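The sequence and structure come before the details.

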Amino acid sequence: MTINRSIQFAKPWITNEEREAVLEVLKGDILTHGPQNAAFEKEFGEFTGGDNTHCAAMSSCMAALHISYWQMGIGAGDEVIVAAQTHVATGHAAEVVGAKCLFADCDPLTGNIDPDKLESLITPKTKAIGLVHFLGIPCEMDAIMDIANTHDLKVIEDCALAVGSTFKGKHVGLFGDTGCFSFYPVKHLTTGDGGMFITRHKELAEKVIKARAFGVDRNYGDRQIPGMYDVPTLGINYRMSDINASIGRVQLKRIDEILKRRKENFKYLKKTLSEIPDLAILDSQHKEAENSHYCLSVVLDGVLSKRRNDVINSLKEKGIGTSVYYPQPVPRMTYYKNKYGYDSSAYPNAERISDQSIALPVGPHLNTDDMGYMAGIFAETLKEMRI
Ligand SMILES: Cc1ncc(COP(=O)(O)O)c(C=O)c1O
């Protein structure tokens, strides 16, 4: 196969419309907690759940996750069951409020937390489940919510890669108590850096909106005498600026096109790779789970299982950018290993994904022709690795 192009793993999709939106904000005097922020929250709420969704724009997904635990009163002495296969932020959010993480292994076909692993981890101290919709593949929320409701547990949904992911027609983030999205540059939507907290609980949203801005009792625009406010509760500064929000609003207008391109690329690539032996493709398994297709993650099994890094290096030499989601199960990361010890036998599925998977790009910067090209190079590379 002739090598004639370079394929980036991910790339922010920024147009002149985003640039103009930023300049408009900079022409005015309100650079933060202003009208762009409020409009972005309203529009993101309409996109995810309409009247049932309350939103708070945040400085990152990690901020949204942290504020979720904090504002629901979870902290020292509490236990949280966390997905073992996820970004470390899912676990860190529970850790920074002082709770103890107990990790649950994932399903081998989706990478999502395995509901069958939850019950055995529940103790009288368990207060919440911290799950992730892995790579945009929605968790099968029925089973998880049944367990959470039976044991009166809060559910914090890490939706960092799941803008557009739905289960049974409902957007993820609205099944549990809170949903936390990331707008880091290479996500489905970007604001430069940023995040969104969503919840179906109005009172919780009101608490979070206060807590994300120092706990002050009135916003800049609500102050009758400039500079005068009181602080009834503890808070932090997790605001999103109006500059960032203005980018997010333009991006959100393109979300249907973004999701369409990702889906077309994913389906094309999946079909092209589906006959290759020793290769498993992570995807939703439930017919009513709509994946938002952050990337296409393949797991190398059998004779290929030890060649993952060789495949990545060879693809890199051939101009194909890849990534790994995620490089280690969270409990195997040094911080967690040192704190809680690590029992490898408890997370075989998470370990297989961390040690044997490669994430291939499907973003809107690419098209199905790129997918065909990449699949050809990928298949040839795997053949070389079998010799
Ligand atoms: C699943 C998951 N959660 C949380 C985060 C953190 O997002 P942010 O950088 O917006 O805090 C990431 C980042 O990639 C992620 O993949």
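## Ligand shell

The residues of the shell around the ligand divide into 7 nonpolar, 6 polar and 1 charged; here Ala, Val, Leu, Ile, Met, Phe, Trp, Tyr, Cys and Pro count as nonpolar, Asp, Glu, Lys and Arg as charged, and the others, Gly among them, as polar. The model is predicted: local features need pLDDT of at least 70, side-chain atom pairs count only at pLDDT 80 or more, and totals for chains, interfaces and linings use all residues. Residues are numbered from 1 along each chain as its sequence is written.

In total, 14 residues surround the ligand, and the closest are Ser60, Cys61, His87, Ala160 and Ser182 (C-beta atom, placed from the backbone, within 6 Å of the ligand). Two or more shell residues come from each of helix H3 (61–71) and helix H4 (88–96); helices (H or I, at least four residues) and strands (E, at least two) are DSSP runs, numbered from the N terminus.

## Open sheet

An open antiparallel sheet has 3 strands in the order S10-S12-S13, where pairing requires at least two DSSP bridges between two strands. Strand S10 (279–281) and strand S13 (357–360) are the edges, each with a single partner strand, so one side of each has no neighbour in the sheet.

S10 and strand S12 (residues 296–300) pair over 3 bridges, with leucine 279 opposite leucine 300 in S12.

## Alanine 128

Alanine 128 belongs to strand S4 (residues 126–132). Alanine 128 counts as buried because it has 24 C-beta neighbours inside 10 Å (buried: 20 or more other C-beta atoms within 10 Å of its own; exposed: 12 or fewer; partly exposed: in between; C-beta atoms placed from the backbone).
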